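Good morning, and thank you for coming. Please look at the model on the screen while I speak.

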Amino acid sequence: MTDTVGITALIPPELVYACRHRPLDVNNVVPTSSINPRSKLCAWTAVWRDEIMEGGLDIDSLVVVAGGDCHNALVDGQKVALSGVPTHYFFYPFDRDPDYMASQLDGLAGFLGGIKNKEMFRTISGLKEKGLALDQLRVDDRARASDVFSALISFGDLQGDPAAFEEVLDTIPHTDVEYSSRVALIGVPPIYPDFHEVAESFGLHVVYDELPYEFVRLGGNDLQALAGSYRNYSFSGPITGRIEMIRQELDRRRVDGVIHYTQFACHHTLEDEIFRAHLDYPILTVQGDLPRSSSEQLKLRLEAFSEMLEVMP
Amino acid sequence: MNTGLDVGSTTAKIVRLESGIITASKVVPSHRWKELLEYGNKRDTIETIVSTGYFRRTVPHTAAITEITAASLGVRYYIPDAQVIVDVGGQDTKVIDLRNNTFLINDKCSAGTGAFLELAAHYFDIPVESLGKLHTRARRCALINNTCGVFAISEMISQLVGGYTMEEVICGIHQAFARRIAQMIPPVETLVLIGGTVLNTGIVESFESIHSSTVVVPPSPQTVNALGAALYGKKLRPEI
């Protein structure tokens with residue numbers, strides 16, 4: 001029997017499938033959720049917490065990712081655990097220690113009942129190749145950023161069915177994209193479900209989504225390869241590594257400006273000053289709180305940023 | 001003729017340009033913006049209207065631009081080498097750094113917007129336009145913390161109870177206002193202040209007292225964005 005395993009942030013989905021379970025990224029329900037959290041710092045974690053505890057998310061167990069990636073998830077995950085959901089805590093090594101990473105993957109595999117289908121590693125590697133090709137397609141102005149973002153963000157759980165997900169990937173339309181400026185989106189994903197569409201409406205072509213790119217960038221065909229790859233998950237390590245990688249991607253993707261999305265009450269918000277000091281690009285910082293459609297205030301910022309990149313000397 | 005129409009949350013402004021020269025400008029409350037279209041209009045000339053402000057898309061326009069672009073263009077008309085602009089609006093405040101094309105908008109907290117001053121004036125039951133004059137009569141400034149506009153009223157009352165005069169409390173309000181906005185301002189030698197709020201000399205004085213930058217207020221700071229919109233129209237159609 002296949003159990004559904006809720007995941008609160010990136011863990012190797014290939015490992016969950018190899019253990020004959022189905023991952024469900026609990027964040028994917030947040031942008032369209034109507035829940036008004038009872039108590040919260042960050043709405044991302046508070047909404048999935050309440051969705052699970054109020055029965056809105058049908059999961060058999062939960063894997064909580066913390067240790068640099070998301071501090072709030074640790075507490076909200078424990079609240080879920082106390083409500084009776086079998087819960088496992090997964091930590092990334094801040095010092096990139098491969099042995100620690102391997103031990104975390106071993107522990108996760110143990111929680112999931114052990115690896116039973118090694119073929120899934122290779123299957124999902126193949127899908128990630130497709131994801132990377134799709135990512136390159138929008139860099140080459142041959143696919144809409146909103147379509148590519150939707151696909152890449154789903155690589156956290158492959159929508160619970162790798163075969164069906166491959167068909168979804170194959171239907172992403174290829175089209176020539178017209179725009180006024182190329183921008184990168186760094187930080188946690190926006191809690192606004194229409195963010196990319198709104199950016200597009202103002203002529204901003206998002207050619208880099210930092211976090212979803214991590215989802216397709218990391219992988220491996222066995223547990224050891226996964227440990228070597230996932231220990232470099234940028235969000236969980238020192239910010240110097242992120243800065244270096246972002247710089248490379250901004251250059252490679254020929255961006256004109258950077259949008260840094262920050263989530264209210266998220267520790268990653270404090271990184272904004274660091275990015276502004278170390279990235280030599282016009283930067284727009286936008287902050288979201290509760291999930292809802294893009295506000296007029298956000299639209300004003302995106303429109304003004306587009307104008308600045310296009311009109312100003 | 002190039003017309004700039006800036007219809008903001010509180011006031012509507014118009015600036016008309018002919019051959020790059022300002023021929024008319026006027027300010028009215030926002031709900032009376034239609035009056036502006038008649039003002040200084042020569043019906044026999046070709047007109048380009050560029051709108052800006054909250055209502056930019058709901059008023060007649062040939063093109064619409066955001067207040068950020070309008071402010072940048074308008075300020076450069078007077079101060080070509082301007083670096084940082086602070087545009088204090090009725091409902092938000094914008095800080096624009098022209099050196100690297102970045103901007104910040106505070107619209108989540110009233111403490112750094114014109115609404116904060118309206119609140120203070122309302123408490124004393126005086127017109128908001130009189131705050132600047134009253135500020136000059138203060139012999140000292142009461143300390144008001146720069147946290148939240150609503151809680152600042154409680155602090156004002158505490159300071160009045162403690163023996164400060166209305167004028168001294170107003171001075172404190174202006175300084176709290178400037179401190180709140182200062183958190184958004186990057187290091188810079190010269191700061192350009194625009195927006196109707198900076199017609200209040202108490203505000204300008206407070207910026208000067210708490211900020212190490214030289215503070216510059218261009219002529220007619222309230223209509224700078226309308227001017228910027230008109231200048232954008234001239235960019236679009238240089239022939240008129």
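Predicted model: local features only at pLDDT ≥ 70, side-chain atom pairs only at ≥ 80, totals over all residues.

Residues are numbered from 1 along each chain as its sequence is written, chains are lettered from A and ligands numbered from 1 in the order in which they are written, and side-chain values use heavy atoms, with hydrogens and water left out.

I begin with the interface. On the side of chain B, 23 residues are in contact with 17 residues of chain A, where contact means heavy atoms within 4.5 Å. The size of an interface is often given as the accessible area lost when the parts come together. Here the buried area is about 1,700 Å², with carbon and sulfur atoms giving 57% of it; buried area is the accessible area (1.4 Å probe) that two parts lose on being put together, summed over both.

How many salt bridges are there between chain B and chain A? The count is 2, a salt bridge being a side-chain nitrogen of Lys or Arg within 4 Å of a carboxyl oxygen of Asp or Glu. In one salt bridge, the side chains of A:Glu303 and B:Arg56 meet at 2.7 Å, N to O.

Helix H2 (67-78), strand S7 (93-97), strand S8 (102-106) and helix H8 (224-236) of chain B each supply at least two residues of the side that touches chain A. Helices (H or I, at least four residues) and strands (E, at least two) are DSSP runs, numbered from the N terminus. The largest share, 5 residues, comes from H2(B).

I turn to the largest pocket. A pocket, on a 1 Å grid over the protein atoms alone, is an open set of points where a 1.4 Å probe fits, with protein on both sides within 12 Å along at least five of seven lines; lining residues have an atom within 4 Å of a point. The lining has 45 residues, and nearest the centre lie A:Asp272, A:Thr285, A:Gln287, B:Leu104 and B:Ile105. S8(A) gives the most to this lining, with 6 residues.

Within chain A, A:Asp76 and A:Arg49 form a salt bridge, their closest N and O atoms being 2.8 Å apart. A:Asp76 lies in helix H3 (residues 71-82) and A:Arg49 in helix H2 (residues 43-53) of chain A, so the pair ties together parts that are 27 residues apart in sequence.

Finally, B:Gly90 lies in the loop between strand S6 (84-88) and S7 of chain B. Leaving aside neighbours within four places in sequence, the residues in contact with B:Gly90 include B:Ser9 and B:Thr113.
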